[in-house]
Structures are given as structure tokens and as C-alpha cells.
Amino acid sequence: MIEISNRYPRVAEYLENEVGFEKWSRCHYPGLRYNITTTNMVESLNSMLVNARDFPYVALLDVIQEKISKWWNDRRIVGMALTTPLTPSRESQLRPRFAQSNSRHTSQLNPVTYHVKGGELEGVVNIFNKTCTCKEFDIDKLPCVHAVAAAHHAQVSVYNLVFPYYTKEYYVLAYGETIYPVGSQSQWDIPNEVVARIVLPREVKDKKRGRPKTSRFPSVGEFRKRKNHCGKCGAYGHYKKKCNSQTGSTEGNPSINVPV
């Protein structure tokens, strides 16, 4: 927040006084929020449907169903083949903390509370409530370095302190259902009131000339990297001055005839 205040004082004042920390900061959010919410999921679906978005609605839904069914099945296979108690991403995040906890000094304060010193920040861990004063354990629901050290001192499995949603069992359950195709339209069971409903096309006003735009507009502050086009060989990724080709190719220059 100090960095934001130094660079953008008006933005910092707006976030602090009008919006509130709990609406944009995970450590101040009163509930449980997994990671940071972004538009990456929407952008992934848009890129997946870039060729199918002009299809009729039924065909578009078939494409979505087929792709999501494949994703579900692929992740189900990955989940069934897991040999670790946690999902791959959480296991790779937790593993380094085992070695880091070896350099921590742990002392027991009461049957469930431990004081862990060493490193840049010390912490007080409650293995019953699954909390730590560093707040990393509280927010991520994954044992921090202090919690791992406390678990080793208490001779408790670290995996017992992990939020259950990170386990293999929950991963498999998340993709346990099968997404079936809807089948042919002739086999659909459509209620009579839906069949009798007349749906008119939406009114189009001031239709612009030319081909409609298919790619989205970049967001504020988003920069798209332009592809360099070589005027010598016609390839992408470099300019004419840095081209290593001795002779121009026919790519991008169809008028050039190369003898066979």
C-alpha cells in the first residue's frame, strides 16, 4: 500500500477510503478466497472458441460440451494417477517448506501452540485452529514454514493440517461427474410452451460497414506484442536487416519464381 501511495496517491485514497481493503486484498477479506481473481479463465474460453463463435447456437454448445468433457476426463485421469496426498501444484508448493523448516527453532507454549523462530519472520502456530501469526497459513490454508516446523515438533503429519480441498480425494471428486452430449435435436424432449414461444431476432441498428471485429479490444494498460515481419524472406519473428536468409523465399512474395 505504501508503494501505491507513493506512485498513485489518488488511487490509494480511493482504495482505502471508498472501496475498502476487504474488497481487493486477500488478507483483509473476511471469508475464504482462493488466490487472486483474474480474467484468465474467460480469456482461455474466448481463445478456445475463437473459430466456433460464428457457429449456430446449437453447434457452438456442442463445441463447448465436447471440449469441457475432454478437460474433465483428462483431469480425472490425472487425479486417479496421483501418488501424492495433495494436488501437484500444492505438493510442489509445500515440499520446499520441509527443508526450510529444519533451520527453525521450535518451542512448545501449550499442548496446541508453538513458537517458531528463525528466518526473516517468526511465528506462533496453533495446530488445532490451523493458524499462524504470519497469516500465510490462515489465508492459503496450506501450512507455512512455521506450521511445518510446529508439526514436526509435535510429531503430527503436516498433511493433516492441509485444507481438505487441496487433497487428491477432492481433486478427483471435482471432476468425478461425466458431461454427456445433448444428442440430436430430434431426440430432445421440449415442453409445449417452449415450442409455442416465438423468439424474434434482435433489432440491429446502425450496422457498420465491413467485416465485423472478432478479436477483443485490449484493456487499459494492456500491450500486445506485434509480430515482426521480414520483408526479405517473408517470415515472422525478425526484420529484414537481421534476416540470415541469402535469397528471398516465395513466402510472402508469390511473384518470385524459383527454378526447379
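Trainee: Contact means heavy atoms within 4.5 Å. Among contacts between residues at least 6 apart in sequence, what share joins residues at least 24 apart?

Mentor: In this protein, 41%. Keep in mind that this is a predicted model: local features need pLDDT of at least 70, side-chain atom pairs need 80 or more, and totals for chains, interfaces and linings use all residues. Numbering starts from 1 along each chain as its sequence is written, and side-chain values use heavy atoms, without hydrogens or water.

Trainee: OK. How many helices and strands are there?

Mentor: There are 9 helices and 4 strands. Both are DSSP runs numbered from the N terminus: helices are H or I, at least four residues, and strands are E, at least two.

Trainee: And what's the order along the sequence?

Mentor: The pattern is α-α-α-α-α-β-β-β-β-α-α-α-α. So the chain opens with α elements, goes through the β elements, and ends on α elements again, by the DSSP runs.

Trainee: What percentage of the 260 residues is buried?

Mentor: It's 22%. Buried means under 20% relative accessible area, exposed means over 50%, and partly exposed is in between, with a 1.4 Å probe and protein chains only.

Trainee: Which ones are buried?

Mentor: Val145, His146, Ala147, Val148, Ala149, Ala150 and Ala151.

Trainee: What covers them?

Mentor: The cover includes H5, the strands S1 (105–110), S2, S3 (123–126) and S4 (131–132), and helix H6 (136–140).

Trainee: Zoom in on H5 for me. Which residues meet H7?

Mentor: H5 spans residues 88–101. From H5 come Leu94, Arg97, Phe98, Gln100 and Ser101. They meet Val145, Val148, Ala149 and His152 in H7.

Trainee: What follows H7?

Mentor: Gln155 does, and its phi is positive, near 55°. Further along, the loop between H7 and helix H8 (168–174) holds Val158.

Trainee: Is Val158 buried or exposed?

Mentor: Val158 is buried, at a relative accessible area of 4%.

Trainee: What does Val158 touch?

Mentor: Leave out residues up to four places away in sequence, and Val158 touches Leu94, Phe98, Pro143, Val148, Ala151 and His152. Leu94 and Phe98 are also among the H5 residues that meet H7.

Trainee: New topic. How many residues are in the largest nonpolar core?

Mentor: It has 21 residues, and Leu94 and Val125 have the most contacts inside it. A nonpolar core is a set of buried Ala, Val, Leu, Ile, Met, Phe, Trp, Tyr and Cys residues joined through side-chain atoms within 4.5 Å.

Trainee: Which elements supply two or more residues?

Mentor: H5, strand S2 (113–117) and H7. H7 gives the most, with 5 residues.

Trainee: Back to Leu94. Which residues does it contact, beyond four places in sequence?

Mentor: Leu94 contacts Leu86, Leu142, Pro143, Val148, Val158, Tyr159 and Val162.

Trainee: One more. Where is Asp140?

Mentor: Asp140 is in helix H6.

Trainee: Does Asp140 count as buried or exposed?

Mentor: Asp140 counts as buried because its relative accessibility is 17%. Setting aside residues up to four places away in sequence, Asp140 touches Arg26, Gln93 and Tyr166.

Methods: Axes are lines fitted to C-alpha atoms, for helices over the stretch in contact, and angles run from 0 to 180 degrees between N-to-C directions.
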